[in-house]
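Dear colleague,

Please read the notes with the coordinates open beside them.

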Amino acid sequence: MARMTLKEAMSRRSTIDWDRVRTTSDEDMARQAREDGTEAPDDLGAAYPTPGTVRRQMGMTQASIATLIGVPVATWRNWEQGRVRLDPAVRTLLRVLWREPDAVRRAMEAA
């Protein structure tokens, strides 16, 4: 890994194509998300939703949803940020949270 000072980094020319960024439409972004698999599911027929999609749908913070399901907040963050691969049990939990969030809340309150 090459190291450089902040001054050296700031003096380098940007590699961002700002004209391309400005001309990218919402449709282009949606197509790219579909192609690279990062599109948020918009229906209940999806195999499983992403952790971030579930959390936002439930209106919860990372800390509160982690507490609800009984995992460390760092674990939830890793799932949401894609740092770790979701195992089948987590994918199933996400699907249940997506489809039946109130049932999960009731079940976890009883625990």
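The protein has 8 helices and 0 strands, where helices (H or I, at least four residues) and strands (E, at least two) are DSSP runs numbered from the N terminus, and read along the sequence the pattern is α-α-α-α-α-α-α-α. This is a predicted model, in which local features need pLDDT of at least 70 and side-chain atom pairs count only at pLDDT 80 or more, while totals for chains, interfaces and linings use all residues. Residues are numbered from 1 along each chain as its sequence is written, and side-chain values use heavy atoms, with hydrogens and water left out.

Some overall values come before the details. Of the 111 residues of the protein, 22% count as buried; buried means under 20% relative accessible area, exposed means over 50%, and partly exposed lies in between (1.4 Å probe, protein chains only). The accessible surface comes to about 8500 Å², of which 52% belongs to carbon and sulfur atoms, by the Shrake-Rupley method with a 1.4 Å probe, in which only the protein chains shown count as cover for residues. Among contacts (heavy atoms within 4.5 Å) between residues at least 6 apart in sequence, 55% join residues at least 24 apart.

The largest nonpolar core has 15 residues, and those with the most contacts inside it are Val54, Met58, Leu68, Trp76 and Leu97. At least two residues of this core come from each of α4 (51-58), α5 (62-69), α6 (73-80) and α7 (88-99). By a nonpolar core I mean a set of buried Ala, Val, Leu, Ile, Met, Phe, Trp, Tyr and Cys residues joined through side-chain atoms within 4.5 Å. Leaving aside neighbours within four places in sequence, Val54 is in contact with Pro49, Ile65, Leu94, Leu97 and Trp98.

Trp76 also belongs to an aromatic pair, of which the structure holds 1. The ring centres of Trp76 and Trp79 are 5.7 Å apart and their planes stand at 65°, so the pair is edge-to-face; the rule is that rings of Phe, Tyr and Trp (its six-membered ring) pair if their centres lie within 6.5 Å, with planes under 30 degrees apart counted as stacked, over 60 as edge-to-face and the rest as tilted. Both residues are buried, and they lie in helix α6, 3 residues apart, about one turn of the helix.

The structure holds 4 salt bridges, each being a side-chain nitrogen of Lys or Arg within 4 Å of a carboxyl oxygen of Asp or Glu. Among them is the one in which Arg22 meets Asp19 (3.2 Å, N to O), both residues being exposed and 3 residues apart in helix α2, separated by about one helical turn. Another joins Arg31 and Asp28 (4.0 Å, N to O), which both lie in helix α3 (residues 26-36); Arg31 is partly exposed at 32% relative accessibility, and Asp28 is partly exposed at 27%. Arg105 and Asp102 also meet in a salt bridge (3.3 Å, N to O), both within helix α8 (residues 101-110).

On the surface, Ile16, Trp18 and Val21 form a nonpolar patch with about 300 Å² of accessible area together. Such patches are made of residues with over 30% relative accessible area and no salt bridge, nonpolar side chains (Val, Leu, Ile, Met, Phe, Trp, Tyr) being joined within 5 Å and like charges within 9 Å. Trp18 lies in helix α2 (residues 18-23) and is partly exposed, with a relative accessible area of 45%.

With best regards
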